[in-house]
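These are my notebook entries on one structure, written up in the order in which I looked things up. I begin with the terms and then go through helices, charged pairs and surface.

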Amino acid sequence: MSGVFINYRRGGHSGVVDDLDAALARHFGRGQVFLDRPSLLPGQRFADALAERVGDCDALVAVLHPGWADARHPSGARRLGDEDDWVRREIEWALAGGKFVLPVLLDGAEMPTAAELPDTLRALAGLNAPQLRETHWTADLAVVIAALEGSVRAKWQPVPAPDEPGPRPGRWLGALTVLLAAATLAGVPALPQDDDWVGTGVLPYTLTAALMCCLLLCAPLVAVAAVRVVRRSVDGLERDLHAVRHRTYIGKTWPVGVGLVLVGVYGALRGDLGMVQALVLLLVLGVAVARAAATDIRLRRRDDDLWARWPHRLPERVNRAVLRRAVARLHVRLDGMTAPLSLEQREKADWELEDIGGAVGRVADEAGRSRGEWLREDHPWLFAGYVVWLALIAALAVASGLAFADAGEGTVRRYVTLAVVVLIGVLLALGTLELAHRYQRRQRRELVRQVGGFRVTLAARVAAMSLPARTKPTAPAPRPEEYAEPE
């Protein structure tokens, strides 16, 4: 069970004990608080149940009413002097078991001296006891709960990770790629061509198409190369954007989106386009704006859920934004907590740090993958697209060679030129993939270094905030759902 065991002696103060039981149950959960009357099952052996519950609890609250130490049997014998007295036995078991024992003084009660207690209970006299007064119930109860939070916590389970995306394409994608490449290599050279271009200085349309295909391959190469050149700026921008909430990001970048929409609306309405084309463009813009609004709402709700329900398990395939945001969110949580952390806060923070460490390890493994594994795991569709595209370039080159041969213009120089065109396409594709692989590998290594360093810092901070307090806590630890996540 764990949780809190309420030790009390029956009498006119039983209503206060019931109120205390209800308040602790609201804070820690019904299953975390034991009070004999509502908690014992019918037919359960009383002595065995009490011994088991005391041995299993995290803390025992000893409710001391006025005259508690001098309470007597009808015979006149003092109750605490009876070794079989249940109040005495429960406290003895808790003290002997090293449990956290918290004496609580009801209205008019005083802490007994060591001389008033049996030898086995004299340790109780040295404990600092908070008061629980009806006239100051809320404030006194907050002190009691805050004191218990160092040893007791509500039961919690990490929120499962969101559903992983569908499985990566397997052999069927490879088979489809081979089929499309073979069909391209066989089908394009079979397309009919005329020889009107012969002697006119115009190239066969297949060769022109092959050159255009190579030219299009330059675009991703230039883009990847440009990103690598300004890598530090891009990495710094990504790191800053990943650390903020979605609503903060939108609040800073909305003019860009509005500007793009206005440009599209202006282009549709100025009259250069036909009526049908303008209506289609406006429809596309409307759908895009609606999807953007729906995405914004969904991401805002996700941010609120990630804050209120803590901790969330990171997905198996974690990206840079999610991992960095998890670190930033934990940092913000710790900013809002006061030392010493409650047991629940410590456990959750330690669990989240361990989960972040596991994610960092997975990213480190991804950074060490070979080029083939990188393509297969991260970019199977990209690799398939490049294979089919290169097959198209090769097919167009073959078709061009056949056209030159049919026109009687086939020479070794032309055939070598066609081979060079194909080779250029292959080199452009390989160069793009190599630059992208190196860049993403460096990104992952940098992410491991950054997040690993932040994790060590946060772990040290959690450890420092978990040290015993020099002053008594006066209020329960706030939970994330009780206040909004700061911007």
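I take helices as DSSP runs of H or I with at least four residues, and strands as E runs of at least two, numbered from the N terminus. I note that this is a predicted model, in which local features need pLDDT of at least 70 and side-chain atom pairs count only at pLDDT 80 or more, while totals for chains, interfaces and linings use all residues. Residues are numbered from 1 along each chain as its sequence is written, and side-chain values use heavy atoms, with hydrogens and water left out.

I looked up Arg449 and Glu446, which both lie in helix H15, 3 residues apart, or about one turn of the helix. An α-helix has 3.6 residues a turn, so residues three or four places apart point the same way. The two form a salt bridge (a side-chain nitrogen of Lys or Arg within 4 Å of a carboxyl oxygen of Asp or Glu), with their closest N and O atoms 2.4 Å apart. For burial I use relative accessible area, calling a residue buried under 20%, exposed over 50% and partly exposed in between, with a 1.4 Å probe and protein chains only. Arg449 is exposed at 54%, whereas Glu446 is partly exposed at 23%.

**Entry: the other salt bridges**

I searched the whole structure and found 21 salt bridges. In one of them Arg444 pairs with Asp378, the closest N and O atoms being 2.7 Å apart. Arg444 belongs to helix H15 (residues 412-465) and Asp378 to helix H13 (residues 371-378), so this pair ties together parts that are 66 residues apart in sequence. Arg444 is buried at 15% relative accessible area, and Asp378 is partly exposed at 26%.

I also looked up Arg30, which forms a salt bridge with Asp21 at a closest N to O distance of 2.7 Å.

**Entry: helix H1**

Just after H1, Gly29 takes a positive phi of about 105°.

Which side chain of opposite charge is nearest to Glu352? Counting Lys and Arg as positive and Asp and Glu as negative, with His and the chain ends not counted, I find that it is Arg333, 4.5 Å away, and that Glu352 is buried yet has no salt bridge. Glu352 lies in helix H12 (residues 343-367). Leaving out residues up to four places away in sequence, Glu352 touches (heavy atoms within 4.5 Å) Trp310, Pro311, Ala326, Leu330 and Arg333.

I then turned to Glu92 in helix H4 (residues 86-96), which is buried at 18%. With residues up to four places away in sequence again not counted, Glu92 touches Thr120 and Leu121.

**Entry: Leu180**

Last, I looked up Leu180, which lies in helix H6, and this residue is partly exposed, with a relative accessible area of 41%.
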